[in-house]
Amino acid sequence: MYLETPPRLIETKIFSAMPDKFRRKGVRTDWADANRPGVPTDSFIEGPSFDKDGNLYIVDIPFGRIFRIASDGEWSLVVEYEGWPNGLKIAADGRILVADYMHGIMELDAKAGSIKPVLTARNSESFRGCNDLHLASNGDIFFTDQGQTGLHDPSGRVYRLAPSGRLDCLIDTGISPNGLVLDPSESVLFVAMTRDNAVWRLPFMKDGSVSKVGRFCSLFGTSGPDGMTIDAAGRLFVGHASLGHVFVFAPNGELIARIKSCAGPNCTNVAIGGAKKDRLYITESATGGVLVADISGLNS
């Protein structure tokens with residue numbers, strides 16, 4: 001995973017944890033029964049994304065909730081609905097899009113506290129279970145349709161939805177496709193394949209299709225890579241859902257740092273924030289906390 005220099009260790013601290021008043025202790029959900037059998041689940045947070053005012057939005061999958069966390073760490077409930085919101089991204093124009101495992105791609109109106117469908121099916125066929133999404137600068141929406149796919153059923157899909165409404169399936173052989181992000185040039189798409197315990201690299205051809213898809217990096221553990229982000233230097237930040245770390249990879253695939261959870265092992269997703277874009281915020285889903293790490297040292 002590295003050539004000569006071992007990866008540096010970056011510690012974390014708790015930015016904010018879900019208040020007790022929002023925790024659903026002792027409540028059973030179908031999502032938790034299927035995805036966390038036998039594990040008490042009072043919340044499972046994911047999908048961190050910052051708005052222009054510095055508020056951090058996150059989702060709570062099993063209870064169909066979306067929260068806003070202010071810069072001082074205070075939580076407020078934006079919406080609660082019948083669904084399983086998984087990934088969330090905020091566009092430059094303030095539009096908030098959600099990948100919902102139950103419904104498909106949704107749009108959140110934070111002021112009204114309401115949510116509506118954007119895309120719920122392809123050619124009348126329902127999605128298997130949308131997981132995460134990424135917004136391109138031209139308005140394209142890239143999203144993963146993970147469902148319960150894995151090594152036993154490598155049929156997960158990665159889609160691109162254009163502003164015109166055109167929907168392209170980029171790959172349909174994914175091994176549990178999860179988080180995804182474009183590189184700074186938007187010529188390569190990285191996709192976390194959780195059950196493959198790897199991140200795949202999808203280069204774009206001139207016609208917009210992908211070819212020569214390969215493994216960018218491989219990991220290990222009982223789960224695998226989950227949510228991801230990338231910085232302006234092309235360094236890829238990969239949350240791992242069972243190892244309690246975010247792994248940082250250089251553009252050539254070399255592991256250059258590991259960011260260690262100070263809480264639980266489920267580092268499910270990440271977002272870069274701070275006035276200087278030098279802080280990494282991490283959803284740690286086992287404890288319902290949001291962690292923060294100083295990543296400014298990566299530039300030294």
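Predicted model: local features only at pLDDT ≥ 70, side-chain atom pairs only at ≥ 80, totals over all residues.
Residues are numbered from 1 along each chain as its sequence is written, and side-chain values use heavy atoms, with hydrogens and water left out.

**Salt bridges**

- A salt bridge is a side-chain nitrogen of Lys or Arg within 4 Å of a carboxyl oxygen of Asp or Glu, and by this rule the count comes to 17 salt bridges.
- R28 and D33 meet through their side chains in a salt bridge, at 2.2 Å from N to O.
- Accessibility is sorted into buried (under 20% relative accessible area), exposed (over 50%) and partly exposed (in between), using a 1.4 Å probe and protein chains only; R28 counts as exposed because its relative accessibility is 58%, whereas D33, at 38%, counts as partly exposed.
- D153 and R128 form another salt bridge, in which the closest N and O atoms are 2.8 Å apart.
- This pair links distant parts of the chain, 25 residues apart, with D153 in the loop between strand 14 (141-145) and strand 15 (156-161) and R128 in the loop between strand 12 (125-126) and strand 13 (130-135); the strands named here are DSSP runs (E, at least two residues), numbered from the N terminus.
- D153 counts as partly exposed at 23% relative accessibility, and R128 counts as partly exposed at 35%.
- R235 forms a salt bridge with D231, with 2.7 Å between the closest N and O atoms; R235 counts as buried at 12% relative accessibility, and D231 counts as buried at 13%.

**Aromatic pairs**

- A pair of aromatic rings is described by the distance of the centres and the angle of the planes.
- Rings of Phe, Tyr and Trp (its six-membered ring) pair if their centres lie within 6.5 Å, and planes under 30 degrees apart count as stacked, over 60 as edge-to-face and the rest as tilted; the structure holds 12 aromatic pairs.
- The rings of F50 and Y281 have centres 5.1 Å apart and planes at 75°, so this pair is edge-to-face.
- Because F50 lies in strand 3 (residues 45-50) and Y281 in strand 26 (residues 279-284), the pair ties together parts that are 231 residues apart in sequence.
- F50 is partly exposed, with a relative accessible area of 22%, whereas Y281 is buried, with 12%.
- F67 and W75 also form an edge-to-face pair, at 5.4 Å centre to centre and with 65° between the planes; F67 counts as buried at 0% relative accessibility, and W75 is buried with a relative accessible area of 6%.
- F15, F50 and Y281 form one aromatic cluster.

**Strands and sheets**

- Strands of a sheet pair through backbone hydrogen bonds, either parallel or antiparallel, and two strands count as paired if DSSP finds at least two bridges between them.
- Strand 9 (residues 104-109) and strand 10 (residues 114-119) pair in the antiparallel sense over five bridges, and D109 stands opposite S114 in strand 10.
- The hairpin of strand 9 and strand 10 has four residues between the strands, and within this hairpin G113 takes a positive phi near 65°.
- An open sheet is formed by four strands in the order 13-14-15-16, with antiparallel pairing.
- Strand 13 and strand 16 (167-174) stand at the edges, each with a single partner strand, so one side of each is left without a neighbour in the sheet.
- Strand 15 and strand 16 pair in the antiparallel sense over five bridges.

- G179 has its place in strand 17 (residues 177-182), and G179 is buried, with a relative accessible area of 0%.
- The C-alpha atoms of G179 and H134 are separated by 8.3 Å, although the two residues are 45 residues apart along the chain.
- Leaving aside neighbours within four places in sequence, G179 is in contact with N131, D132, F190, V191, A192, D226, G227 and M228, where contact means heavy atoms within 4.5 Å.
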